[in-house]
Amino acid sequence: MDAFLIQILNGLDKGSAYALIALGLTLIFGTLGVVNFAHGALFMVGAFCAVTLQRVLTLSFETVDETQKDFLGNPLKVKTPYVESWFGPEAGAWIIDWAVPLAVLIAIPIMLLVGYVMERGLIKHFYKRPHADQILVTFGLAIVIQEIVKYFFGANPIQTPPPDALNGVANLGAALGMEIVYPVWRIVYFCFSVLIIGGIFAFLQFTTFGMVVRAGMADRETVGLLGINIDRKFTIMFGIAAAVAGLAGVMYGPINPPNYHMGMDFLVLSFVVVVVGGMGSLPGAVLAGFLLGILESFASTTWATTTIPGINQIIIYLVAIIVLLTRPRGLMGRKGVMEE
Amino acid sequence: MTKSDVTRRGVLKSGAFAGAGVALPTIFTASSAAAYTNEPTGGSVTLGFNVPQTGPYADEGNDELLAQQLAVEHLNGEGDSGCLNTFTSKALKGNGILGKKVEFVTGDTQTKSDAARASAKSMIEKDGAIMINGGSSSGVAIAVQGLCQEAGVIFMAGLTHSNDTTGKDKKANGFRHFFNGYMSGAALAPVLEKEYGKERRAYHLTADYTWGWTQQESIAAATEAVGWETVNNVLTPLASTDFSSYIAPVLNSGADVLVLNHYGGNMVNSLTNAIQFGLLDKVVNNKDFKIVVPLYSELMAAGAGENIKGVFGSMNWNWQLQDEGTKAFVKSFGEKYGKPPSNSAQTCYAQTLLYADACERAGTFNPCGVAEALEGFEFDGLGNGPTLYRADDHQCFKDVLVVKGAENPTNAYDTLEIVEKTPRAQVEYAPDHPMFAGGDLGSCNPGA
């Protein structure tokens with residue numbers, strides 16, 4: 001029972017990342033009609049916002065310690081972060097320790113800007129081009145972004161640990177007399193995802209801006225005829241979608257150390273999530289994200305892999321096939337989207 | 001009016017034949033005249049360095065390339081000569097190889113077998129490379145080794161730890177300086193027994209490819225021999241990024257040790273995930289839970305950060321060794337590049353020098369002569385202590401290092417500390433050992 005619940009939690013955790021990325025993909029597809037293969041790269045750029053902030057906060061000055069030697073036998077150059085010298089060792093160490101949560105604050109404007117520049121600088125020229133062209137150009141853009149990141153940060157994973165206070169495990173089953181230990185940061189990640197997803201839905205549902213965007217998604221031409229600059233609003237939505245992917249990446253860093261390739265690892269799965277959820281359906285993307293996360297988690301258990309070898313590698317695609325055979329528009333797909 | 005015999009069709013046919021003849025790869029045309037593939041005819045000889053320059057092991061590949069470039073410098077008499085001063089064989093004079101200046105070309109393996117074969121093929125056929133060296137994956141090493149055997153050039157493997165490289169997939173033209181999974185098990189098991197006791201229950205997570213399989217088999221056999229029980233072995237896809245689903249069952253398995261037969265990004269992620277789940281804080285069977293990472297690399301250790309503290313593993317070599325060969329190499333590499341070399345860099349450097357030395361001693365670049373010079377060759381002074389290149393399987397036998405994650409590293413480079421230098425005798429095995437059975441070294445192919 002404990003193991004079962006832990007796999008559910010694992011699934012929700014994986015599903016959180018899938019849902020956030022798929023939500024952004026769906027927002028872009030639903031508003032601009034663009035199939036954005038660079039969305040995984042935005043997730044990765046978000047993670048590297050945290051890496052960058054961590055590096056900025058640990059920028060140090062060197063002092064020579066004659067009592068210690070470096071690997072060549074020369075006096076050791078000891079590094080002291082500037083923040084520790086400015087704010088004192090304790091406050092400085094606290095700021096460095098909280099680099100990842102702090103990175104959320106800087107990632108929001110950065111990702112909004114990245115999204116805006118991406119949309120205005122490149123994507124807008126492909127609105128009226130076939131989906132194949134959009135896929136090619138955004139896939140190429142993704143490779144360019146990841147190569148730039150690799151150039152500056154290298155190919156190795158880079159640790160971005162969570163704050164000490166949010167490290168370690170929590171026993172979620174203590175109240176029920178069970179031992180369901182689960183990493184605290186993963187719980188934080190799930191809660192953060194729910195918050196972001198809830199925020200996006202509330203934004204679209206309860207604000208005038210959101211109402212116009214939803215109307216534009218349903219009938220772009222009519223909204224335009226009402227004198228509303230729907231293109232501008234959609235550009236802003238592209239920025240918001242980029243920010244959602246970026247925030248998902250920032251918070252994912254402590255779960256798995258960021259590397260330049262992490263976006264690609266999520267991209268294909270996230271597209272499957274979008275298709276299973278239903279192209280253009282925001283609730284569908286979220287539902288499919290969590291559903292596939294949980295199924296993938298259970299498919300990786302020893303019982304599943306010994307019963308059906310390789311099931312852990314094909315489960316998502318298997319489910320996608322079954323869903324598309326029985327519900328061709330996906331779980332919550334709307335009629336008319338991606339259909340002639 | 002005279003009738004010409006020249007027709008449009010005839011011209012096209014002749015042109016096509018002539019074009020095909022010109023376009024034939026030099027590997028075919030040269031072989032008719034040369035004694036062996038890519039026999040050097042000018043004043044230089046070309047080596048091919050095939051390392052991952054893109055992909056997840058690009059940093060490791062870059063480190064290998066730095067070491068290979070350093071080796072070329074030293075062979076050509078530039079720089080401080082590095083290990084040429086400490087190498088027990090004195091055949092190398094710092095004037096290239098057999099008087100020919102050493103040049104090199106590079107290829108990108110991308111840590112993909114097909115890409116690695118393509119880049120090696122290109123270096124052999126187009127650039128005239130007479131030897132291929134490098135790599136950071138056993139799958140790649142085995143693929144490239146097979147290609148070199150067919151092409152008739154020597155393959156001096158880089159980082160490859162699968163038993164199969166010099167086991168069932170061994171080839172007469174292939175040579176491995178790096179240690180292997182069996183040696184890791186033989187070196188680690190006694191230390192683990194001493195540190196953690198005889199009655200332990202181990203749960204293995206294993207990367208699902210040749211290296212993972214053979215390492216798991218080796219570690220399980222060695223630890224079972226000292227009394228440990230293997231509770232389970234779960235194969236994980238190489239493309240896995242999140243190991244939480246695989247870690248969770250460990251919690252309720254009754255195991256008190258987790259063995260991570262992972263390397264590279266897999267190792268960094270699985271270890272990070274295991275630490276996240278608080279495994280090292282657990283007490284199972286009245287014992288503190290432990291994690292073991294049988295194969296370490298400095299670059300991966302840096303990626304894993306503080307998570308590796310106190311975690312045991314093994315290495316082929318470490319820059320902190322204090323023998324003269326290591327000191328010379330670390331000084332040379334450190335002064336040139338500002339950082340200590342990794343063990344994959346060291347093995348590539350050593351392999352390049354060993355190849356050059358074998359050519360000098362054989363008096364030829366002919367792969368069969370070089371292979372003969374390497375077979376049974378005993379040497380010292382390259383950083384690993386007294387070493388034998390065994391003739392039976394082309395595997396180097398030398399001391400193996402047992403290391404653990406440093407508790408209090410003082411800088412970015414001493415993340416690992418040496419626990420024990422396991423003597424060569426303890427990690428040796430018979431050429432027909434079951435874990436290495438099924439292959440045939442075959443005979444040397446000079447390619448001509």
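Predicted model: local features only at pLDDT ≥ 70, side-chain atom pairs only at ≥ 80, totals over all residues.
**View 1. Confidence along chain A.** Chain A has a mean pLDDT of 89. In this chain, 98% of residues reach 70 or more. Confidence is highest in helix α2 of chain A, residues 39-57, at a mean of 96. It is lowest in helix α13 of chain A, residues 302-307, where the mean is 82.

View 2. Strand β1 of chain A spans residues 60-69, and strand β2 of chain A spans residues 75-81. The two run antiparallel and are joined by seven bridges.

**View 3. The contact between chain A and chain B.** Chain A supplies 37 residues to this contact, and chain B supplies 35 residues. On the chain B side, the elements giving two or more residues are α3 (58-75), β7 (229-236), α8 (244-251), α9 (265-276), α10 (298-304) and α11 (324-337) of chain B. Helix α8(B) gives the most, with six residues. By residue class, the chain B side holds 16 nonpolar, 15 polar and four charged residues.

**View 4. The open sheet of chain B.** Five strands of chain B make up this sheet, in the order β2-β1-β3-β4-β5. Their pairing is parallel. Strands β2 (101-108) and β5 (174-175) of chain B form the edges, and each pairs on one side only.

**View 5. Strands β3 and β4 within chain B.** Strand β3 of chain B covers residues 131-134, and strand β4 of chain B covers residues 154-157. Four bridges join these parallel strands. One pairing to pick out is that of B:Met131, whose bridge partner in β4(B) is B:Ile154.

**View 6. The two assigned domains of chain B.** Domain 1 of chain B is made of two segments, 44-179 and 319-398. Domain 2 of chain B runs over 182-315. The C-alpha centres of the two domains lie 30 Å apart.

**View 7. Where domain 1 of chain B touches domain 2 of chain B.** Each domain brings 16 residues to this contact. On the domain 1 side, α3, α5 (138-151) and α12 (343-362) of chain B are the elements that give two or more residues. That side divides into four nonpolar, eight polar and four charged residues. Helix α3 of chain B also gives two or more residues to the side of chain B that touches chain A.

How values were computed. Residues numbered from 1 in each chain as written. Chains lettered and ligands numbered in written order. Contact = placed C-beta atoms within 7 Å. Nonpolar A, V, L, I, M, F, W, Y, C, P; charged D, E, K, R; others polar. Pairing = 2+ DSSP bridges. Domains from an automatic or database assignment. pLDDT = per-residue confidence, 0-100.
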